Amino acid sequence: MSLAVIAGNEVHVDDEGFMTEFEEWNEELGKQLAHNISIDLTERHLETIRFLRDDYKVQGETATLRRVSTLGGIPTKELFELFPKKPAKKMAYIAGLPKPAGCV
Amino acid sequence: MTLTMEAPIPVFDDDATDRKMAIICSKGSLDMAYPGLVLANAALGEGIETHLFFTFWGFDIINKETMGQLHFTPVGNPATHMSPMLMGLPGMTAFATHMMKKQIEGIDVPSVPEFLELITDAGGHLWACRMSADMMHLTEADLYERVEGIISASDFIELSEGAQTIFV
């Protein structure tokens, strides 16, 4: 883990660039992270990211895609459109959370 | 030790996403249906083109009549660590199936029909085996509506070209 600068903020990240401190994240930062991986955040993206962060606060782990669709109410198909190819990891990255650990 | 630097950016759309997987599901018991479904779902989540080919008893997974009622039988299954005599008692399969379904639900893993919906929503492809369909006198009308077609073994060989193939 090391200190890095994202959008002018000094934050902690792991070797891959995922943020490691929940409290260091804000939406501006999220926008920069999304931009880094070529995603322009829309309101729908942000809805997903907010669900992910709220859920993490309660569960202590990053929601899987299934959890985002069943509890967050954003259908699987749409998640693949919003965050193409690797939705679970991309969402976690933008939300400043660790990659989800669950299998399903 | 920590130091300040520009944050690294994870590589998401690397060449690994050109991977392709073909999973052959040949068994229709509850415990043998899940491994293929879980792997397919994981592969799709990694951006990998994924095909599932259902053959022989694996047909029960996509047969509308049976897909919601797959069983787990503990008879002759050493993994149960129970007396084989006991496992053969009447009602034991129903009991073991009920227990397994509860465990699966308990960890928030979907039922088989729901899982197929999830996989196809994620872009996965479902195929049925021609010989099995003929043997069991089943047509596309008998199969889960998201199955894309009943195809021959050679069709499968063609579509799995360049794919990593997993046999379950």
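In this predicted model, 28 residues of chain A are in contact with 24 residues of chain B. On chain A, the elements that give two or more residues to the side touching chain B are strand 1 (2–6), strand 2 (9–13), helix 3 (65–70), helix 4 (76–82) and helix 5 (87–95). Sorted by class, that side of chain A has 15 nonpolar, nine charged and four polar residues.

Next comes the interior. In soluble globular proteins, nonpolar side chains tend to be buried together. The largest nonpolar core here has 35 residues, and L52(B), F54(B), I62(B), I119(B) and A128(B) have the most contacts inside it. At least two residues of this core come from each of strand 2 (20–25), helix 1 (30–45), strand 3 (49–54), helix 4 (112–121) and strand 4 (125–129) of chain B. Helix 1 of chain B gives the most, six residues.

Which residues does L52(B) touch, leaving out those up to four places away in sequence? They are I23(B), C25(B), G36(B), A40(B), G124(B), H125(B), L126(B) and W127(B). A second, separate core has 25 residues, among them L33(A), A34(A), L52(A) and I94(A).

Two of these names return in helix 1 (residues 27–36) of chain A, where the buried residues are G30(A), L33(A) and A34(A). They lie on the same side of helix 1 of chain A because they cover an arc of only 100° around the axis. The buried residues of this helix pack against strand 1, helix 2 (43–59) and helix 5 of chain A. Just after helix 1 of chain A, S38(A) takes a positive phi of about 60°.

Conventions:
Residues are numbered from 1 along each chain as its sequence is written. Chains are lettered from A and ligands numbered from 1 in the order in which they are written. This is a predicted model: local features need pLDDT of at least 70, side-chain atom pairs count only at pLDDT 80 or more; totals for chains, interfaces and linings use all residues. Two residues are in contact if their C-beta atoms, placed from the backbone, lie within 7 Å. Helices (H or I, at least four residues) and strands (E, at least two) are DSSP runs, numbered from the N terminus. Ala, Val, Leu, Ile, Met, Phe, Trp, Tyr, Cys and Pro count as nonpolar, Asp, Glu, Lys and Arg as charged, and the others, Gly among them, as polar. A nonpolar core is a set of buried Ala, Val, Leu, Ile, Met, Phe, Trp, Tyr and Cys residues joined through C-beta atoms within 7 Å. A residue is buried if 20 or more other C-beta atoms lie within 10 Å of its own, exposed if 12 or fewer, and partly exposed in between; C-beta atoms are placed from the backbone. The arc is that of the directions from the helix axis to the C-beta atoms.
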